[in-house]
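Subject: Handing over a structure

Dear colleague,

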Amino acid sequence: MADTRTEVFISQFAKEFNVAFRQSKSLLRDSVKYYSGVGESINIPTIGNVTAQVGRGRFTNGTFTEPAQAQVNVSAQPVEAFDRIASLDPFQSNVDFRKSSIDTLVSAINVRIDQLIIAALAATAETETALPTANTMNKQGVVKMASVLNAKNVDQGDRTLVISSPAWEDMMNDTTLTSSDFMVNKALNDGYFSNVAGFGKIVQSNYLTATSDTDYTGREAYAFHKRDVALFSPKEFSVSIDKNADAQYWVICVAGLYGAKLVHDEIAWSDVSDV
């Protein structure tokens, strides 16, 4: 017979986790466009570029062009995180203990979602952007990445630049990016950049160089617009709490479905892995 008290607690824990997850932020979740739906995949309509025409008189016949239309299918895949606790009773009654576990699980899920987004960016067919100073993401490198987006007529707002640790070091060592004489920021104090060359967010991620799980082929800098990548999830996370086989501890599993895919291949990327 099922333990009704445990089932009620699991339901409550799932609600607490989903609230905490919605209130959390990963490095890249806010930098892409989120879609919800029913089922394990979603078709996202895309539309080709449209060239504006010279205005015509009110009663003059005109020729209208219809842009190319297509759909991009985004499939969700299982995303899971696990935690282990010694005893269930204190876990149910101790709010701080429970919050610590939720924070750990939320962090793990956010890391996995960021990996999915980076893998979607790595699928680009765009040609690599050659940096002005080879393998160096200094001011000139950031400007070059922005100029590639400008050449593609990418909207100015909602741009993100995601870089590796070596590229972050390049930027931190460029005084024109850290000095108040040139920039209105406190990068040396805060440890991060914002509003540089039109990039509202500049994110440093170690997952650009991951060699396990997903191979990101050494690409260590991506510049993109929010609309370029779709993040899809059909439902909230579910929770299970089960005693292990030898009854020495309990395993908490948080499971959901998430998928990410490049929708508009209008990004810039560069390999600065040799820094």
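Helices (H or I, at least four residues) and strands (E, at least two) are DSSP runs, numbered from the N terminus. By that rule the protein has seven helices and 11 strands.

Before going further, please keep in mind that this is a predicted model, in which local features need pLDDT of at least 70 and side-chain atom pairs count only at pLDDT 80 or more, whereas totals for chains, interfaces and linings use all residues. Residues are numbered from 1 along each chain as its sequence is written, and side-chain values use heavy atoms, with hydrogens and water left out.

The pLDDT is the predictor's confidence in each residue, from 0 to 100. Its mean over the protein is 83, and 81% of the residues reach 70 or more. Confidence is lowest in helix α7 (residues 187-190), where the mean is 60, and highest in β8, where it is 95.

Of the 275 residues in the protein, 43% are buried, where buried means under 20% relative accessible area, exposed over 50%, and partly exposed in between (1.4 Å probe, protein chains only). Among contacts (heavy atoms within 4.5 Å) between residues at least 6 apart in sequence, 78% join residues at least 24 apart.

The pocket

A pocket is found on a 1 Å grid over the protein atoms alone, as an open set of points where a 1.4 Å probe fits, with protein on both sides within 12 Å along at least five of seven lines, and its lining residues have an atom within 4 Å of a point. The largest pocket has a volume of about 210 Å³, a volume being the space filled by probe spheres set on the points, which are joined across faces, edges and corners. Its lining consists of 15 residues, and F21, R22, Y34, S233 and Y258 are the ones nearest the centre. At least two lining residues come from each of α1 (4-23), β1 (33-36) and β8 (229-233), and α1 gives the most, with three. By class, the lining has seven nonpolar, three polar and five charged residues; here Ala, Val, Leu, Ile, Met, Phe, Trp, Tyr, Cys and Pro count as nonpolar, Asp, Glu, Lys and Arg as charged, and the others, Gly among them, as polar.

D174 sits in the loop between α5 (165-172) and α6 (175-178), and is buried, with a relative accessible area of 13%. Although D174 and K139 are 35 residues apart in sequence, their C-alpha atoms are 6.9 Å apart in space. Leaving aside residues up to four places away in sequence, D174 touches N138, K139 and Q140.

A polar contact is a pair of N or O atoms within 3.5 Å (within protein, one must be able to donate a hydrogen and the other to accept it, and residues adjacent in sequence count only if both atoms are side-chain atoms). The side chains of D174 and T176 are joined by one of 2.5 Å, and a polar atom of the D174 side chain lies 2.8 Å from the backbone nitrogen of K139.

E220, in the loop between β6 and β7 (221-225), is buried with a relative accessible area of 4%, and its side chain makes a polar contact of 2.6 Å with that of S164.

Positive phi

N153, which is not a glycine, has a positive phi near 60 degrees, and is exposed at 65% relative accessible area.

Best wishes
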